[in-house]
Amino acid sequence: MSAVVGRPRDPAIDAAVLTATVGLLREGGYAGFALEKAAARAGTTKAAIRRRWPVRQRLVIDALATVLVTPPVPDNDCTRCDLHQSVRLLAEALDGRLPRGVLAPLVADCAADPELHRALVETLVQPSRGAAAVAVRRAVARGDLRPDVDPDLFVDLLASVVYQRALFGGAPVDRESARRLVDLLLRGVAVDFDRLVRISEQPREDRRHRH
């Protein structure tokens, strides 16, 4: 006796739902999105969408993935240029491609579910972040950055400004602000970093008498 095979998934319906979702997010943001609206625009039913995407957050993540592209790893034979480009690629993804008013509430909506949070990071964040990490590793390998530089931590510092502005508001990271951010990290902000390390290693009571 042969096993019962369910109805095969129709790629055309998938594509229509994803396109409809992106359109609705651009028009009304995350708060204005509803499965009923997506179903009507895609010419299908809410039940059909639920069969494909049991939770709306996953639908939104998959829909946003369709407007992103995997960025190329910057390779300009110039560390400063590569890092500027890495920041600009990340900013372009968050500010130029993703609909406004979506990322912050989506992050909040996925925060309590580890699986959803992981899907969001892997789908929407990791591609741009991964390209920047490769650029930093290349810079370390060719001797432009100190050998003890942690590429992942360095990328976290680069990306933090972009994410803060995307999530909490503020002017998008343009070419000039990307340059200032990268140059600040490349120069460092401490006049005497080794002195600050020595102070931090002293007993707390001794620090009060260092001046």
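Q: Which residues touch the most other members in the largest nonpolar core?
A: This is a predicted model, and in its largest nonpolar core those residues are Phe33, Ile49, Leu59, Val60, Leu64, Val87 and Leu106. The core has 54 residues.

Q: And which elements give two or more residues to this core?
A: H1, helix H2 (35–42), helix H4 (56–65), H5, H6, helix H7 (114–141), H8 and helix H9 (175–187).

Q: Ok, which of them gives the most?
A: H7, with 10 residues.

Q: Back to Leu59, what is it in contact with, leaving aside neighbours within four places in sequence?
A: Leu59 is in contact with Val17, Leu18, Thr21, Phe33, Leu35, Ile49 and Trp53.

Q: How do the lining residues divide into nonpolar, polar and charged?
A: The lining of the second largest pocket has 10 nonpolar, three polar and three charged residues.

Q: Different spot now. Where is Ala16 found?
A: Ala16 sits in helix H1, residues 11–28.

Q: Why does Ala16 count as partly exposed?
A: Because its relative accessibility is 26%, and partly exposed covers what falls between the 20% cut-off for buried and the 50% one for exposed.

Q: How far apart are Ala16 and Tyr30 in space?
A: They're 19 Å apart, C-alpha to C-alpha, and 14 residues apart in sequence.

Conventions
Residues are numbered from 1 along each chain as its sequence is written. This is a predicted model: local features need pLDDT of at least 70, side-chain atom pairs count only at pLDDT 80 or more; totals for chains, interfaces and linings use all residues. Side-chain values use heavy atoms; hydrogens and water are left out. Ala, Val, Leu, Ile, Met, Phe, Trp, Tyr, Cys and Pro count as nonpolar, Asp, Glu, Lys and Arg as charged, and the others, Gly among them, as polar. Helices (H or I, at least four residues) and strands (E, at least two) are DSSP runs, numbered from the N terminus. Buried means under 20% relative accessible area, exposed over 50%, partly exposed in between (1.4 Å probe, protein chains only). A nonpolar core is a set of buried Ala, Val, Leu, Ile, Met, Phe, Trp, Tyr and Cys residues joined through side-chain atoms within 4.5 Å. Contact means heavy atoms within 4.5 Å.
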